[in-house]
Amino acid sequence: MIFEESVRTPAAQALVDVTHLVQKAVAKSGLRNGHILVSVPHTTAGLTINENADPSVVHDFLRRLEKIAPTHDPADRHTEGNSHAHLKSSIVGTCHPFIVSNGELLLGTWQGIYLCEFDGPRTRKLIISIIG
Amino acid sequence: MIFEESVRTPAAQALVDVTHLVQKAVAKSGLRNGHILVSVPHTTAGLTINENADPSVVHDFLRRLEKIAPTHDPADRHTEGNSHAHLKSSIVGTCHPFIVSNGELLLGTWQGIYLCEFDGPRTRKLIISIIG
Amino acid sequence: MIFEESVRTPAAQALVDVTHLVQKAVAKSGLRNGHILVSVPHTTAGLTINENADPSVVHDFLRRLEKIAPTHDPADRHTEGNSHAHLKSSIVGTCHPFIVSNGELLLGTWQGIYLCEFDGPRTRKLIISIIG
């Protein structure tokens, strides 16, 4: 079963908590135990699992990642100006597996699932694939 | 089948070889061919596959990663002082899939599985999920 | 079913598009819907999903990654001189899951699958594992 969601991102770079969308798909699927895949089928966005309690973690995360892969780099050849976003996408990844146990997404206490926008704002696809 | 292990990490930042724990779970499960997931359900730790022969690789790995995401950064807002660890966790990832073939974990000659501690020392969970 | 391909990489650092090799394995397997794993069982190479339209994206990607993890670093202890490649391998990852839907690899419009060479040129293995 494949579920597709649209996620509107609010800024050029942002982390959007999508944990509830994944949980909703798991509930709808009726899966009790198994492995699912969550994919963001884009090349300037990504997906990551990180802390969902203190919003300052997200702030520091994006600022530090920007230092690693700065938006502006005069040596870039790609003329769209989003080479940084392509690299960031590969750093965090775009498709991640998750464990479902007793009908519930198995996450740690502090873990949430974030869609990572690196070249927004845009509307992004989130695909949740659940094999029975 | 879900196996859970406790892993004691020895330092603030360390790579702990957990290959044997994953192999033990595969053997116990009786799985012959399939895909398994290994998860570290934390937001300041992670999991990676890297060389398990020369210990200096691990040393260089942690030192170089620390240069990318330094422990101390006065611009951090998160007051726990571990924003670097959250970023490192997302860079290496926390849940990875592995292939099992003929009852054996399929790894390359030099590949080992490492739990990555970025905010230790602590006791961390390692979850191995095997669907028959 | 496990498919193995040999991929010759052209340079010390390069991204080689292997999308067609993965598609060929999916077609041969006859899988209609499911999850597959693609693995590069090496510790100085990796796998990533990124844009496959403009070649300048690949150029910027490798140049920017080299800035993050420079080939030469006098502080490295590992005497083979490829510690940078080990780190790059962990940053992009070596084993990634993909969704197959209606017999087709489910990728975004701009997504291609790249084998990442970080210590070449060499012949690398690409493993595609498909569980029915």
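Tutor: Start with a definition: a polar contact is a pair of N or O atoms within 3.5 Å; within protein, one must be able to donate a hydrogen and the other to accept it, and residues adjacent in sequence count only if both atoms are side-chain atoms. By that rule, chain A and chain C share 16 residue pairs in polar contact, both at pLDDT 80 or more.

Student: What kind of model is this, and how are its parts labelled?

Tutor: This is a predicted model, where local features need pLDDT of at least 70, side-chain atom pairs count only at pLDDT 80 or more, and totals for chains, interfaces and linings use all residues. Residues are numbered from 1 along each chain as its sequence is written, chains are lettered from A and ligands numbered from 1 in the order in which they are written, and side-chain values use heavy atoms, with hydrogens and water left out.

Student: How many residues of chain A are in contact with chain C?

Tutor: Contact means heavy atoms within 4.5 Å. On that basis, 32 residues of chain A touch 28 residues of chain C.

Student: Which elements of chain A supply residues to that side?

Tutor: Helices (H or I, at least four residues) and strands (E, at least two) are DSSP runs, numbered from the N terminus. Between chain A and chain C there are 16 residue pairs in polar contact. On the side of chain A that touches chain C, β3, α3, β5 and β8 (123–130) of chain A each supply at least two residues. The most comes from α3(A), with six residues. By class, that side has 16 nonpolar, 13 polar and three charged residues. Here Ala, Val, Leu, Ile, Met, Phe, Trp, Tyr, Cys and Pro count as nonpolar, Asp, Glu, Lys and Arg as charged, and the others, Gly among them, as polar.

Student: How do I read the size of an interface?

Tutor: The size is often given as the accessible area lost when the parts come together. Buried area is the accessible area (1.4 Å probe) that two parts lose on being put together, summed over both. For chain A and chain C this is about 2400 Å², with 59% from carbon and sulfur atoms. Chain A and chain B also bury about 2400 Å², 58% of it on carbon and sulfur atoms. In chain A, His35(A), Arg64(A) and Ile99(A) lose the most area to chain B, together 26% of what that side buries.

Student: How many salt bridges are there between chain A and chain B?

Tutor: Side chains of opposite charge can pair when their charged atoms come close. A salt bridge is a side-chain nitrogen of Lys or Arg within 4 Å of a carboxyl oxygen of Asp or Glu. There are four between chain A and chain B. One pairs Asp76(B) with Arg64(A), the closest N and O atoms being 2.9 Å apart. Over all chains the count is 24 salt bridges.

Student: Where do the partners of a salt bridge within chain A lie?

Tutor: Take Glu66(A) and Lys88(A), whose closest N and O atoms are 2.6 Å apart. Glu66(A) is in helix α2 and Lys88(A) in helix α3 of chain A, 22 residues apart.

Student: Is Lys88(A) buried or exposed?

Tutor: Buried means under 20% relative accessible area, exposed over 50%, partly exposed in between (1.4 Å probe, protein chains only). Lys88(A) counts as buried because its relative accessibility is 0%. Glu66(A) has 23%, so it counts as partly exposed.

Student: What about a pair that crosses between chains?

Tutor: Asp73(A) and Lys67(C) form a salt bridge (3.5 Å, N to O). Asp73(A) is in the loop between α2 and α3 of chain A, and Lys67(C) in helix α2 (residues 55–68) of chain C. Asp73(A) is buried at 13%, whereas Lys67(C) is exposed at 57%. Asp73(A) also meets Arg63(C) in a salt bridge (3.3 Å, N to O).
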